[in-house]
Amino acid sequence: MTATRTRGLLVLALAMGALLGVTACSSSKAKVTPPAAPTDARGRAAFTIDARGNQFTPAAAIVDVGTTVTWRNDDAVAHDVEKSADALDFGGTFGVDAGKFGPGQTYSFTFEKAGTFFYTCTIHTLMSGKVEVVAPTSPTTNTGGPISPGAETPSPTG
Ligand SMILES: [Cu+2]
């Protein structure tokens with residue numbers, strides 16, 4: 001009699017242990033997505049980058065000098081757009097804080113100098129992007145060749 005009762009308690013304890021084990025094993029692995037190829041937006045006077053799902057889309061774009069880039073917040077939360085800590089001088093006051101870049105709001109900046117400019121959302125630090133600004137080429141001489149890599153060299157500090 002007592003032996004049967006003890007076995008019953010053991011089964012109950014094992015069942016509870018199994019339940020706890022199931023609930024404790026629900027962690028998910030973080031996925032690392034490789035950087036996408038930059039979107040070629042040369043030849044356009046204006047270009048839009050979406051802030052959506054805590055990502056800038058496209059995260060990398062190539063535009064001509066003089067192009068106005070507009071960031072649009074498509075998320076339900078506020079973001080900001082700021083220079084990355086190691087970014088070049090953008091050639092003007094760059095950035096918008098979260099108070100002016102809430103859901104549905106936009107921010108525009110006209111790139112007046114060539115270079116590769118890195119920016120980020122300081123609230124969601126994994127949210128970042130770059131704009132590669134190149135001197136426009138005449139349509140008759142544009143052979144679709146590679147872009148000069150020289151523009152990424154940071155200017156010396158002084
Ligand atoms: Cu953000």
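The mean pLDDT of this predicted model is 80, and 64% of the residues reach 70 or more, pLDDT being the predictor's confidence in each residue on a scale from 0 to 100. Over residues 12-28 the pLDDT stays under 50. For this segment the model has 0 contacts beyond four places in sequence, a contact being defined by C-beta atoms, placed from the backbone, that lie within 7 Å. Because the model is predicted, local features were required to have pLDDT of at least 70 and side-chain atom pairs pLDDT 80 or more, whereas totals for chains, interfaces and linings use all residues. Residues are numbered from 1 along each chain as its sequence is written.

An open sheet is formed by 5 strands in the order β1-β4-β9-β8-β6, with mixed pairing. Strands are DSSP runs (E, at least two residues), numbered from the N terminus, and two of them pair if DSSP finds at least two bridges between them.

Thr116 has Glu132 of β9 as its bridge partner, and Thr120 stands opposite Ser128 in β9. Strand β4 (residues 60-64) runs parallel to β9 and is joined to it by 5 bridges; here, Ala61 has Val131 of β9 as its bridge partner. Strand β9 is mostly covered, with 5 of its 7 residues buried (a residue is buried if 20 or more other C-beta atoms, placed from the backbone, lie within 10 Å of its own).

Conventions: Helices (H or I, at least four residues) and strands (E, at least two) are DSSP runs, numbered from the N terminus. Two residues are in contact if their C-beta atoms, placed from the backbone, lie within 7 Å. A residue is buried if 20 or more other C-beta atoms lie within 10 Å of its own, exposed if 12 or fewer, and partly exposed in between; C-beta atoms are placed from the backbone.
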